[in-house]
Amino acid sequence: MYSHSVPTGLQIQNEIPLAPLTTFGIGGPARYFAVADTETQVAEAVAWAEQRSLRLFILGGGSNLLVRDAGFDGLVLRIGVPGVESCGDGCFEVGAGEIWDQFVERVVGQEMAGVECLAGIPGSVGGTPVQNVGAYGQEVAETIEWVRVFDRRSHAWVRLEKGACRFRYRQSLFNSDEPERYIVTRVGFRLRPGGRPNLRYADLQRRLGGREDLSLASVAAVVREIRREKGMLLVEGDADCRSAGSFFKNPVVSLDRLEAIAAAAGVQPGTVPGWPAGVGLIKVPAAWLLERAGFVKGFGDGPAGISTRHTLALTNRGGATCADIERLQGQIVDGVKERFGMTLEREPVLLG
Ligand SMILES: Cc1cc2nc3c(=O)[nH]c(=O)nc-3n(C[C@H](O)[C@H](O)[C@H](O)COP(=O)(O)OP(=O)(O)OC[C@H]3O[C@@H](n4cnc5c(N)ncnc54)[C@H](O)[C@@H]3O)c2cc1C
């Protein structure tokens, strides 16, 4: 192993294993690897890769990532930009390298509402706008005001206001419209000082026994507890959380397809679960489709399998390779397609 040092102090290392930098714990090495703790280092790393015509991949907490077994033949740049600054009136400017759940804990402790249901989501602050993370009735887009980015096309630093980020369900400018063009270094949030917790989500309401007088901290604690039970909280030694969270997106279908879905599932018309997703559209839980197609919790007898506590999480039970996960993914996608005629989409990013 050797390392290059560039003027800003950025250390570029060679052949760094990526598996330990992901929650899946899967994947080969990065040919080159560096951590950027400042914006100057981000720009420097981009220039270094461009001068060598190398591909560049931006890494956060590695919690929405599946790395191929051969690794990545370019530069992996981990964003470590730190800092949480309060600008008053519920505004916060946060470095992309901060750990998301630590930020949530901090602001919830300061009675700032808006992210309490997103407690326990792994990864970095910079990763949250990328797929517009969401859980328990909240999405990060509801509280993001702006995102500061390095534009790899124009080589300029830009502040993108919320509207320009084009947030949708698990989508944004950053992962769909122009993937890989922008490197997020800071995110501006506007929270609600003294605001009430969001209790829109039916499962959460049930769990809280219909109580509405709860503090933000107790709602965040319940969310973490539900996550822990489902293996959706990172807990050392828990094999069910060696995953990338939900592996499939919930498909959005037109209302007139619901009858055919019910027939294929062998249930009464009108009993297919779902959430409204725009005019004439409904989001159907992918977990429900998987279960009806025979892919239940604990499915799979190899090193890759479905979590024993969450149908949507594919897990590395120990020693799984990316090929094992992709095989399981293919089996599930084919099974759901055969049963329901719809193709499920993978949520995590595939690198390599
Ligand atoms: C146990 C578990 C539970 C989870 N639960 C949820 C959940 O409830 N809801 C949910 O939405 N997600 C969930 N996830 C998925 C994941 O935690 C989120 O998507 C998270 O925001 C990913 O952030 P990250 O920093 O780990 O990104 P990474 O996995 O490192 O990267 C993911 C993508 O974002 C890009 N990216 C990361 N940082 C930057 C940056 N600074 N600038 C530009 N691009 C960047 C990467 O290039 C890559 O394309 C879960 C994952 C796990 C393992």
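**Exercise 1. Is Glu111 buried, partly exposed or exposed?**

Keep in mind that this is a predicted model. Start by finding the residue: Glu111 sits in the loop that links helix H2 (100-109) to strand S9 (112-113). Next, take its relative accessibility, which is 42%. Buried would need a value under 20% and exposed one over 50%. Glu111 therefore counts as partly exposed.

**Exercise 2. Work out which residues hold the ligand's oxygen atoms through their backbone, and what surrounds the ligand.**

Begin with the shell. It has 33 residues, and the closest are Ile58, Ser63, Asn64, Ser124 and Arg227. Now go through backbone contacts one by one:

- Ile58 has a polar backbone atom 2.5 Å from an oxygen atom of the ligand.
- For Gly60, the distance from a polar backbone atom to a ligand oxygen is 2.8 Å.
- Pro122 places a backbone N or O atom 3.0 Å from an oxygen atom of the ligand.

How much of the ligand does the protein bury? On its own the ligand exposes 970 Å², and the protein buries 94% of that.

Then sort the shell by class: 16 residues are nonpolar, 15 polar and 2 charged. Finally, check the strands. S4 (56-59), S10 (134-135) and S14 (182-190) each give at least two residues to the shell.

**Exercise 3. Find the buried side of helix H6 and explain how you know it is one side.**

List the buried residues of H6 (residues 258-265) first: Leu258, Ile261, Ala262 and Ala265. They span an arc of only 100° around the axis, so they share the same side of H6.

**Exercise 4. Decide what the cysteines are doing.**

How many disulfides does the structure hold? The count is 0. Take Cys241 as a test case: it is in no disulfide, and the nearest cysteine sulfur, that of Cys322, is 19 Å away. A disulfide would need the two sulfur atoms within 2.5 Å. Now ask about burial. Cys241 has a relative accessible area of 7%, so it is buried. Cys117, at 0% relative accessibility, counts as buried too.

Terms used. Residues numbered from 1 in each chain as written. Predicted model: local features only at pLDDT ≥ 70, side-chain atom pairs only at ≥ 80, totals over all residues. Heavy atoms only, no water. Buried < 20%, exposed > 50% of the residue type's maximum accessible area, 1.4 Å probe, protein only. Near = heavy atom within 4 Å. Polar contact = N/O pair within 3.5 Å; in protein donor to acceptor, adjacent residues only side chain to side chain. Areas by Shrake-Rupley, 256 points an atom, 1.4 Å probe, with all protein chains shown as cover. Helix = DSSP H or I, 4+ residues; strand = E, 2+ residues; numbered from the N terminus. Nonpolar A, V, L, I, M, F, W, Y, C, P; charged D, E, K, R; others polar. Arc of directions from axis to C-beta.
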